[in-house]
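Dear colleague,

Please find below the structure that I am handing over to you.

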Amino acid sequence: MDAKHLPKVRAPYLAGEPVKRTSAYIDINAWKAGMAERLEGYRWCSFAATVRGDSKARAGYAFMYGGGEWRVIRECHEQSMQEAMGEVLKARAAEKEECRAGRGASPFRSKADPRLEIPDKVGIGLGKRSERTAKRILELLVDGHMRPSALREAVGIKSPIHFSRYYLRPLMENGMIERTDPDSPKSPRQEYKLA
């Protein structure tokens with residue numbers, strides 16, 4: 001169904017900001033997780049599909065925004081995404097400030113040994129954004145072992161398969177982390193620690 005054929009009637013449950021804000025947050029997930037710098041370039045994002053001209057994706061956005069020209073809908077949705085990104089950046093800045101002020105756990109030093117520092121470059125052949133995520137994983141493990149689900153949540157990655165394939169496995173292969181129970185790699189109690 002093409003967007004121009006949609007009725008210009010808003011369903012009562014779609015009126016207002018909650019659905020638009022939720023859609024904006026969903027569309028910025030790849031940026032938030034550090035997997036994409038530009039939302040249009042992340043091919044699994046519905047917003048990127050609309051930019052490429054996917055009529056079904058455009059029809060969904062047209063329905064959500066009450067119909068109209070794609071150019072206007074795009075501008076409205078981009079504004080919603082920019083607001084969501086601003087909120088994420090503001091939360092990150094507040095978290096960093098808490099760490100600097102000593103109110104939060106420092107992301108850069110170990111509580112057990114304050115002299116221990118994580119290197120700036122992890123050096124396992126990951127892209128710039130992925131390097132930051134890998135470094136964050138190492139920072140989290142400085143204070144002890146953690147379950148993969150807790151690590152994944154802490155770095156903002158939803159997919160266990162993606163997390164294992166692109167982060168845990170390369171870090172283990174490079175001797176930076178290891179399993180707490182190497183004999184049972186699929187154990188539900190499996191945790192990871194620094195090597």
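In this predicted model, Glu-191 and Arg-147 form a salt bridge through their side chains, with an N to O distance of 3.8 Å. The pair links distant parts of the chain, 44 residues apart: Glu-191 belongs to the loop between S1 and S2, and Arg-147 to the loop between H6 and helix H7 (148-155). Glu-191 counts as buried because its relative accessibility is 17%, under the 20% limit. Arg-147, at 38%, counts as partly exposed. Beyond its neighbours within four places in sequence, Glu-191 has contacts that include His-145, Met-146, Pro-148, Glu-178 and Thr-180.

A second salt bridge joins the side chains of Arg-136 and Glu-139 at 3.7 Å, N to O. Both residues lie in helix H6 (residues 128-141), three residues apart, which is about one turn of the helix. Arg-136 is partly exposed at 25% relative accessibility, whereas Glu-139 is buried at 10%.

Glu-69 also forms a salt bridge with Arg-71, where the closest N and O atoms are 3.8 Å apart. With a relative accessibility of 51%, Glu-69 counts as exposed. The whole structure contains six salt bridges.

As for the overall make-up, the chain has eight helices and two strands, and from the N terminus the elements run α-α-α-α-α-α-α-α-β-β. Of its 195 residues, 35% count as buried. The chain exposes about 12400 Å², of which carbon and sulfur atoms supply 51%.

Yours sincerely

Technical notes:
Residues numbered from 1 in each chain as written. Predicted model: local features only at pLDDT ≥ 70, side-chain atom pairs only at ≥ 80, totals over all residues. Heavy atoms only, no water. Helix = DSSP H or I, 4+ residues; strand = E, 2+ residues; numbered from the N terminus. Buried < 20%, exposed > 50% of the residue type's maximum accessible area, 1.4 Å probe, protein only. Areas by Shrake-Rupley, 256 points an atom, 1.4 Å probe, with all protein chains shown as cover. Contact = heavy atoms within 4.5 Å. Salt bridge = Lys/Arg side-chain N within 4 Å of Asp/Glu carboxyl O.
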